[in-house]
Amino acid sequence: MSESESVRKTETIPEWKRIEVGELTDFLERYSSVGVVDVAGIPSRQLQSMRRELHGSAEVRMSRNTLTVRALEEVDDGLEDLVDYVEGQVALIGTNDNPFALYKELEASKTPAPINAGEVAPNDIVIPEGDTGVDPGPFVGELQQVGANARIMEGSIKVTEDSHVLDEGEVVSEDLANVLSELGIEPKEVGLDLRGVFSEGVLFEPDELAIDVEEYRADIQSAAAGARNLSINAVYPTDQTASALLAKATGEAKALGLFAAIEDPDLMPDLVAKADAQLRSLAAQIDDEEALPEELRGVEAPAAQPETDEEEESADEEEEAEADAEADDDDDEDGGDGGEGLGAMFG
């Protein structure tokens, strides 16, 4: 199409359509997340109620599909990908929230509704066991005709067991619609069905947004805790683990200093306390009090103090070192060639 033909075609567009497209493009540019929702089958009053409930978090904008498509294509910027969802009775929805929160809000706003004859069952339809509250009469036959196990009992019509009367995807008959209406069963949900939403350069579909937020949060928290433990165990400092690594190193250094009895100013109070406890324990084991200084007579052994993790690790390391030393002594006694081997190795 030549430029002149394009201009002539644009000039033939009625003014009200240009205004409407302009308002639609303003709407699209006003929100960070824009989607297309299905509004088919929603009564006008209920739709208005939904729009009021969304006020402040999202806005619904309805227009002719042709004008909606033109606005999406004019804005471009990736929003033209939503054109494929503009079919049937739809509307635009805009929000500055993220797509996951939008999907969750739309699903939560759905309400149960009766189903009409000729509609497709959105899920399996079951008439539950129990008293229908209907007096004996022709209704028992209507129940049986649609596949429910029902009979008259104790002056009332009762369904004797849960009765599966229609599979998901099958068309609802007029008889079944009447029975469900009489029983007050509302097998479908009415609400805004999100077909697709475009946000920050990404197009999302409903199955990608239908996640369990609590489970997802728990998985993230578990992964973060595992990463933190790995970082600490591998002694890999990060902004999140540096303080824990320093605290761990400080504790290990203190435990080593106490075990080796290093006379450090920071360790002296603990070393003195440890020596005092050892002295009292030894004094308590001596039966002859005359052999003890007066200040140690009649003392009781101090309560055993549980070893810290660092002390236990140091004790284990000492035992391993002693075992290695004993093994080396045995080797020297048996063969005595260890020194010769080393001498040969180093010339």
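Tutor: Begin with burial: a residue is buried under 20% relative accessible area, exposed over 50% and partly exposed in between, with a 1.4 Å probe and protein chains only. Helices (H or I, at least four residues) and strands (E, at least two) are DSSP runs numbered from the N terminus. The model is predicted: local features need pLDDT of at least 70, side-chain atom pairs count only at pLDDT 80 or more, and totals for chains, interfaces and linings use all residues. Residues are numbered from 1 along each chain as its sequence is written, and side-chain values use heavy atoms, leaving out hydrogens and water.

Student: What share of the 347 residues of the protein chain counts as buried?

Tutor: The share is 29%. The chain has 13 helices and 12 strands.

Student: Which residues of α4 are buried?

Tutor: In general, an α-helix has 3.6 residues a turn, so residues three or four places apart point the same way. In α4, the buried residues are L67, T68, V69, A71, L72 and V75. Their cover includes α2 (15–30) and β3.

Student: What follows just after α4?

Tutor: D76 adopts a positive phi of about 60 degrees there. D77 lies in the loop between α4 (65–75) and β3 (90–95).

Student: Why does D77 count as exposed?

Tutor: D77 counts as exposed because its relative accessibility is 64%.

Note on methods:
Contact = heavy atoms within 4.5 Å.
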